[in-house]
Amino acid sequence: MEASKVIHAIYTDDDVLMSAVKKVKAEKHHIEEIYTPFPVHGLDKAMGLAPTRIAITAFMYGCVGLTVAIVMMNFIMIKDWPQDIGGKPSFSYLENMPAFVPIMFELTVFFAAHLMVITFYLRSRMWPFKKAENPDPRTTDDHFLMEIAIHNNESELTSLLKETGAVEINIVDKDEDAH
Amino acid sequence: MEYKISNRLRMGAIIMMVLGLIGVAYGFIDSHGYTEENITEKLAEEHHGHGDSHATEAHGNEHADSGHGEVASHDEEAHGGLTHHEEHALHQIHNRPYAALYVGAFFFFMIALGVLAFYAIQYAAQAGWSPVLFRVMEGITSYVLPGGLIVLAIAFAADSHLFVWLKEGITEVGHENYDKLVAGKSGWLNKTGFFIRGLIFLGGWSLYRHFSRKFSIAQDSADDNRNFKKNFRISAAFLVFYIYTESMMSWDWVMSVDPHWFSTLFGWYVFASMFVSGITVIAMITIYLKSKGLLEFVNDSHIHDLAKFMFGISIFWTYLWFSQFMLIWYSNIPEEVTYFVTRIEHYKLPFFGMLAMNFIFPLLLLMNSDYKRINWFVIMTGIVILCGHYLDVFNWIMPATVVDRWFIGMPEIGAILLFGGLFLFIVFTALGKAPLLAKGNPFMKESEHFHY
């Protein structure tokens, strides 16, 4: 695979980074990726990323959890071994429903939360033992890194990024096979 | 930026009040048409009507016969020539216009009080997002004092029509109305105490409202933050006062209509109801004023946040409602569970309908982040939430006063129109009394630039 060149611009402040992103986007350059030590509010919108669809999956997982709770409680408490607790009607799911609401709620939340996290990891390709893609360890501490692909415009990009307040600019050969 | 109540809105409010007054008057006149003399035939007519439409001729006759037998056997023991059933029905019919009036008055009062609490929280938390909405909130809270006085006045006029513990002789041993449980509670539940407490609650709330509004306006033209700091302090103090008095108010003004029954989280439950209705009204009035080209400093993110509160507090309300319901349903103690038995037996539609409107509707409609920014969506959901919380108040008061003789007819709609008109009139007049931007607030810059 052909190795491509990318430019790494490093910032030390999230506000400077945000205005840099806006300037770079205004010049119609495509930003490959930004590495930050913490989530920067509004960065996704400034970068022009497509909105996340994780909320939709969360809703669907919640519905699955709710269904599992209903089916499970129906089997355990009504069908398999009807239990008489406090003289409540024990052969009808509907009439016992208030007692099951906490379980329905908890399993809805449980399914939505856990499956959402798993989805997020899979979608971000972060499975166990994966090697970090992070190009610079300082981005896990206090630095922000913007990665832009170079298409014969090295000097133009360098001067633009300098203007936006980057403290360090590196040109890196990026081997696509590395991931 | 100035706002003046438009003539159309003022006329609309006045027309609502006049129509409402007619409805309320009709309710009282109609209920006075039922007297001890004619109640027997009127009930028989009702009964007959039912028999005709629902049963065969033979069945109807049989029913009438057994009914007659009952009347005869009861006649000896009942006093005044009325059966117990007829006596109860007569009471319920006479209670209804009072109860309808009270439900409407309390509903609009509770909106204003909920907004007052929300407003105080914004100050106490030094919130940065909301100061652009402060003048809208101050406008709504101007209804706290008149609304509260009206509720108290109706309580005074209705007397034992609403509060059975005010019945004559109910605490006197040996009296025919004697009730041991109510007598045991009479240290708290007595007429003098009720009104003294009511005036203290209202006095405290109105004082806070008066001074916070005063400081807020003074801050507009001040060159330091002294007024803001004062507001911060009185808001924190008010919240402490409020959370105790709101709880006691809910026992007095709502829970005591069923004096045998009690629930320890009732205060919170009433609070959740007034809080969500109040926030909904803030959102609706903000969107209305924005549609008039005012409040251009309010952006989508403010509406988004208000809608998040509508969504969140609706779920909080459901949580409290369900916590109260499930424990009572599960333990099934007779003196507690009768409360819900009455409601499920006679109020199936408003009781479960309210749950759908207050929980399922806001849950599904406002779950999507984008929908919270669409103004007409927030308004539509807001209307459902407000109707749902009206039904909530309906379910608090009606089962104890009219039992199965409820209907949302002339008296109820009349009360909604009457107090709704008054609410709009007072709130929008107050909105016109000060600039719509509380420009002196130290957080105003942050609030104007608020974005999500």
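A residue is called buried here if 20 or more other C-beta atoms lie within 10 Å of its own. By that criterion, 40% of the 452 residues of chain B are buried. The model is predicted.

**Stop 1: chain B as a whole.** Select chain B and show the C-alpha trace, which spans about 80 × 50 × 45 Å along its principal axes. The radius of gyration of chain B is 24 Å, in agreement with the value near 22 Å that a compact globule of 452 residues would have. Switch to cartoon: chain B contains 16 helices and zero strands. Among contacts in chain B with a separation of 6 or more, 82% join residues 24 or more positions apart.

**Stop 2: helix α4 of chain B.** Next select residues 84-124 of chain B, which form helix α4. Colour them by burial: α4(B) is mostly covered, with 32 of its 41 residues buried. Where does this helix bend? Centre on R96(B), where the bend is about 35 degrees. Move on past the helix to Q126(B), which follows α4(B) and has a positive phi, near 50 degrees.

**Stop 3: the domains of chain A.** Now select chain A and give its two domains separate colours. Domain 1 is made of two segments, 4-51 and 143-178. Domain 2 covers 54-123.

Technical notes:
Residues numbered from 1 in each chain as written. Chains lettered and ligands numbered in written order. Predicted model: local features only at pLDDT ≥ 70, side-chain atom pairs only at ≥ 80, totals over all residues. Domains from an automatic or database assignment. Bend = angle between axes of the 7 residues up to and from the residue. Helix = DSSP H or I, 4+ residues; strand = E, 2+ residues; numbered from the N terminus. Buried ≥ 20, exposed ≤ 12 C-beta atoms within 10 Å, placed from the backbone. Rg over C-alpha atoms; globule rule 2.2 N^0.38 Å. Contact = placed C-beta atoms within 7 Å.
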